[in-house]
Structure formats: structure tokens, C-alpha cells
Amino acid sequence: MPVTIDLRQAIIHKVHGQSEADLRQMIEGSVDGPETALPGLGAVFEMMWKDLDHAKQDALVSMLHEHLEKITPGSITSQQ
């Protein structure tokens, strides 16, 4: 019987035991990288979010809001 693992667990398994330098390299290599890296960043963000107290979550949301206010979204097109 095949072993089934969800995406979060697969990502955690992949990054578990990595050094801080390795984690930084993974994050920096994923930012502005291929879209296939986005689920990994999302899973890592989720782990950090759960450990933040409410004040730090609020600060992070404010920072995100400020960044979003400064940018103009590109057009959304379907790619076929």
C-alpha cells in the first residue's frame, strides 16, 4: 500500500533538519522564483504565523497591507 503524505507534511519533511543558512537559501531561492515554489513558502509562512503572538501577526498584516497599497497589480490573463 502506498504511503500518502499531504503537501504540508512533504514540505516540512524536506526542510526539517536544515541549517539556518539552508533555510535562508531556500526562501531566497523561492522569492520571485518559479510559481511551483509558492506552496513551500506558504507552508513555511503558516508554521511561523502559528508561532506569532497576536501583536506580531497584526504588525505583519500591517506590513503586508502597506506593501499592497504601494503596488499596482498586473493584468490577470489566462494562460493556455
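Contact here means heavy atoms within 4.5 Å. This is a predicted model, in which local features need pLDDT of at least 70 and side-chain atom pairs count only at pLDDT 80 or more, while totals for chains, interfaces and linings use all residues. Residues are numbered from 1 along each chain as its sequence is written, and side-chain values use heavy atoms, with hydrogens and water left out.

View 1. Glutamine 57 is placed in helix H4, where helices (H or I, at least four residues) are DSSP runs numbered from the N terminus. When residues up to four places away in sequence are not counted, glutamine 57 touches Trp49 and Leu52. With a relative accessibility of 16%, glutamine 57 counts as buried, since buried means under 20% relative accessible area, exposed over 50%, and partly exposed in between (1.4 Å probe, protein chains only).

**View 2. A nonpolar surface patch that includes leucine 64.** Leu64, Leu68 and Ile71 form a nonpolar patch on the surface, and together they have about 300 Å² of accessible area, computed by the Shrake-Rupley method with a 1.4 Å probe and, for residues, with only the protein chains shown counting as cover. Patches are made of residues with over 30% relative accessible area and no salt bridge, with like charges joined within 9 Å and nonpolar side chains (Val, Leu, Ile, Met, Phe, Trp, Tyr) within 5 Å. Leucine 64 belongs to helix H4 (residues 54-70), and at 51% relative accessibility it counts as exposed.

**View 3. The salt bridge between arginine 8 and glutamate 46.** Two salt bridges are found in a search of the whole structure, each defined as a side-chain nitrogen of Lys or Arg within 4 Å of a carboxyl oxygen of Asp or Glu. In one of them, the side chains of arginine 8 and glutamate 46 meet at 2.6 Å, N to O. Arginine 8 lies in helix H1 and glutamate 46 in helix H3 (residues 38-51), so the pair ties together parts that are 38 residues apart in sequence. Arginine 8 is partly exposed at 48% relative accessible area, and glutamate 46 is also partly exposed, at 25%.

**View 4. The salt bridge between glutamate 28 and arginine 24.** The side chains of glutamate 28 and arginine 24 meet in a salt bridge at 3.0 Å, N to O. Both residues lie in helix H2 (residues 20-30), four residues apart, which is about one turn of the helix. Arginine 24 is exposed, with a relative accessible area of 54%.

Key
Helix = DSSP H or I, 4+ residues; strand = E, 2+ residues; numbered from the N terminus.
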